[in-house]
Amino acid sequence: MTNTIAVKAAPRLKLTDRIDIIKNKRMFSLAFPLSILLLLILAFGAATGGAFFRGTVLKGLFDQTLIIGTMATAVSFIYTTGNLDISVGSVMGLGAVAGALVYGATENVVLMIGTAIIASILLMLFNGTLSVVFNIKTTMVAVVVMQLYNAIISEVVGADTLKVDFQLCKMLEDGGFRYGAFIIYFVVCLLAFHFTEMGRQLRFIGGNKKCAEQTGMNPKKAICISFLMAGIGIGIAAVFTIIRTGSVGSTTGNGMGMDVMLATVLGGMSIFGGAKSNTYSGIIGALTVSALNKGLLMLGVSSTVIQGVRGVIFLLLVFLNSERPSTLPAREQF
Amino acid sequence: MAEKTKKSLTGKIVVQTLAIPLITWAVCEIIDRSLAGTGVITNIADVKALLRTLLTSFSFALAINCNLSSGRMDLSAGAQMYMGCIFGGNIALGLGLGGVGVLVLSMAVGAVCGLLVGVLFVNLRILPMVLGLGVSLIFECMSFGAYDQQGLKLFAKPGVEILSNVAFILAVAFILVAAVTYLFQYSSFGYRRRAIQGNQKLASDSGINIYTNCIQCYVLAGALVACAGVFDTAYTGGLTPVMGMSSNTQVFKNMFPMALGLLIGSYSQKPVVGILLGSLSVKLLTMCLSKLAMDSSMQNIIIYSLFLLLNIYRMNAYRFEHAKEKRARIREAREMKAALGKA
């Protein structure tokens with residue numbers, strides 16, 4: 001009887017409040033972007049009369065996703081701590097240049113892979129150091145080093161391209177090296193992020209840095225670790241890039257930082273970091289972008305219009321997936 | 001006595017404000033004279049090139065500053081520039097309005113684009129960087145698809161020579177400095193903007209409409225980027241539309257003049273004049289490196305290394321201040337100890 005009275009007296013929740021409750025559920029950040037991806041695939045499948053489901057199309061889709069997906073998985077460690085880095089494309093480009101140069105000098109594929117990964121790790125650690133030791137905001141670091149790394153790539157490569165043996169690239173591409181490397185990296189990231197103390201610390205720091213500091217955590221150390229983890233992924237993406245084209249040019253990696261950010265946000269990752277962050281958003285986002293591009297192309301839409309559609313869908317999904325703050329969102333960058 | 005102190009303070013501020021551009025010019029002059037056998041600015045063509053590129057950089061840096069100082073990094077500013085110039089410029093050329101018409105209409109379209117981004121931001125409340133990415137994609141698509149993907153061509157078009165006229169460039173620069181200084185420092189808009197920069201929540205609680213002010217900032221930034229775009233197009237002859245978020249490069253390129261300008265402006269509390277002098281310093285440096293026949297990638301390596309050093313200095317200036325204060329305290333303590341010892 002008392003319960004019935006209490007239920008009757010309770011105010012009815014508004015629709016927006018109900019939506020907010022659903023959005024705040026832990027699984028929402030996975031379920032929502034995944035549903036959108038499945039919806040897109042089904043819609044394009046139906047619109048193309050099933051052609052979208054062909055093995056070659058789906059394989060092409062996954063191949064396109066691999067580089068951006070790996071990089072997006074990598075940067076999720078940085079985003080989790082509430083930091084942003086849009087220089088990852090340039091880091092990847094410079095890592096690929098270093099790898100290709102070493103291959104040109106030694107013709108040793110193991111050295112090439114090792115150099116690309118180590119160079120990327122060192123560059124990311126340099127970015128992290130600028131942020132942690134010299135207190136420069138990560139976004140500002142990214143803006144400066146992005147231009148700097150692009151200039152170094154242009155200076156080193158010039159108008160030519162650095163070639164890597166085509167047969168070797170083909171062998172690595174067909175031999176399942178890329179899938180194997182990606183799966184191993186993705187699983188390691190998933191475990192490190194969701195099932196270790198380090199992952200919990202990164203999320204905690206992203207959620208409330210001051211509170212984390214007072215709890216005894218070391219944000220500077222955590223940020224360095226996040227840049228290190230990102231560096232490994234970006235190095236692997238650099239190797240994928242070399243394998244995919246068999247050459248590295250002055251424009252390798254240009255604008256990729258933006259694509260990675262686009263994919264990460266589209267996949268449901270919070271740009272503010274914190275407890276709701278995850279490692280799988282990047283791959284979901286990258287798959288969504290690829291599916292959208294491929295599907296619209298198969299429907300005969302021009303690439304110019306596809307970009308516009310991508311923009312509209314991106315803004316719509318980000319709006320639906322993000323919390324609406326009471327004041328205007330801002331972040332001190334400078 | 002008070003007047004004398006005031007005068008020496010003003011003199012100190014003037015020296016501090018002019019120090020960076022003057023030192024830059026002096027160093028560049030020495031380097032160019034000793035390595036290339038020529039000065040940084042030796043003829044009227046150099047002056048023209050400096051002024052034309054300076055106005056572009058100054059206008060764009062001002063636009064970035066409109067939002068960045070309030071914690072909003074607008075990555076769509078470059079795309080707004082393309083929209084403003086391609087639509088506004090082509091409409092003006094179609095109507096036969098000449099150079100002034102191209103400038104005015106481009107700025108108007110740029111302002112409309114800024115208004116659109118501002119309204120979207122206030123209503124969607126997505127992080128400005130993320131919103132900027134989405135809007136860039138849409139604006140680039142629109143500016144690329146329009147006018148047969150030709151962009152804006154000003155080369156050999158009748159009536160647009162005025163955009164290369166030194167007197168006109170100087171007049172526009174003067175108007176920009178005066179208007180933006182008034183808006184930022186002496187108008188109620190600027191007062192509210194500074195209050196919001198201090199603390200958005202407090203400003204809102206004290207009755208300031210943070211949403212209207214934010215939209216006004218976006219509109220102003222839109223008009224300024226379009227102005228920058230028109231003078232850049234007049235300098236290069238044409239503006240080719242871009243895709244794939246390449247328009248963001250314009251934003252990144254003009255960060256250094258803005259950052260240096262804010263440092264210079266901090267001495268006199270005049271950010272607009274500071275940004276003008278910051279842009280001048282960067283342009284002098286670029287001209288100096290060009291005279292050394294350096295390729296653009298090497299120029300960028302030097303310029304962005306300096307930008308990095310500037311950032312390191314800016315974010316660690318307090319450490320130098322602390323060290324200076326510590327040294328002064330130690331000196332004072334030693335003097336006191338010596339005085340006590342004598343007594």
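Biologist: What is the mean pLDDT of chain B, and what share of its residues reach 70 or more?
Modeller: Chain B has a mean pLDDT of 92, and 99% of its residues reach 70 or more; pLDDT is the predictor's confidence in each residue, from 0 to 100. The model scores ipTM 0.87 and pTM 0.89. This is a predicted model, in which local features need pLDDT of at least 70, side-chain atom pairs count only at pLDDT 80 or more, and totals for chains, interfaces and linings use all residues. Residues are numbered from 1 along each chain as its sequence is written, while chains are lettered from A and ligands numbered from 1 in the order in which they are written.

Biologist: How many helices and strands are there in chain A?
Modeller: Chain A has 15 helices and two strands. Helices (H or I, at least four residues) and strands (E, at least two) are DSSP runs, numbered from the N terminus.

Biologist: What are the dimensions of chain A along its principal axes?
Modeller: The C-alpha trace of chain A spans about 85 × 55 × 35 Å.

Biologist: What percentage of chain A is buried?
Modeller: Buried residues make up 49% of the 334 residues in chain A. A residue is buried if 20 or more other C-beta atoms lie within 10 Å of its own, exposed if 12 or fewer, and partly exposed in between, with C-beta atoms placed from the backbone.

Biologist: Which residues touch the most other members of the largest nonpolar core?
Modeller: Of its 194 residues, they are A:Met71, A:Val75, A:Ala116, A:Ile234 and B:Ala63. A nonpolar core is a set of buried Ala, Val, Leu, Ile, Met, Phe, Trp, Tyr and Cys residues joined through C-beta atoms within 7 Å. Helix H9 (residues 210-236) of chain B gives the most to this core, with 17 residues.

Biologist: And which residues does A:Val75 touch?
Modeller: Not counting residues up to four places away in sequence, A:Val75 touches A:Asp85, A:Val88, A:Ala230, A:Val260 and A:Thr264.

Biologist: Why is H5(B) described as largely enclosed?
Modeller: Because 17 of the 18 residues of H5(B) are buried. B:Tyr147, which follows H5(B), has a positive phi near 50°.

Biologist: Where is B:Gln149 placed?
Modeller: B:Gln149 is in the loop between helix H5 (128-145) and strand E1 (152-153) of chain B. This residue has a positive phi of about 60° although it is not a glycine. Most residues other than glycine have a negative phi.

Biologist: Is B:Met245 buried or exposed?
Modeller: B:Met245 is buried, because 25 other C-beta atoms lie within 10 Å. Its loop runs between strand E2 (238-239) and helix H10 (248-253) of chain B, and its phi is positive, near 60°. B:Gln149, by contrast, counts as partly exposed, with 13 C-beta neighbours inside 10 Å.

How values were computed. Contact = placed C-beta atoms within 7 Å.
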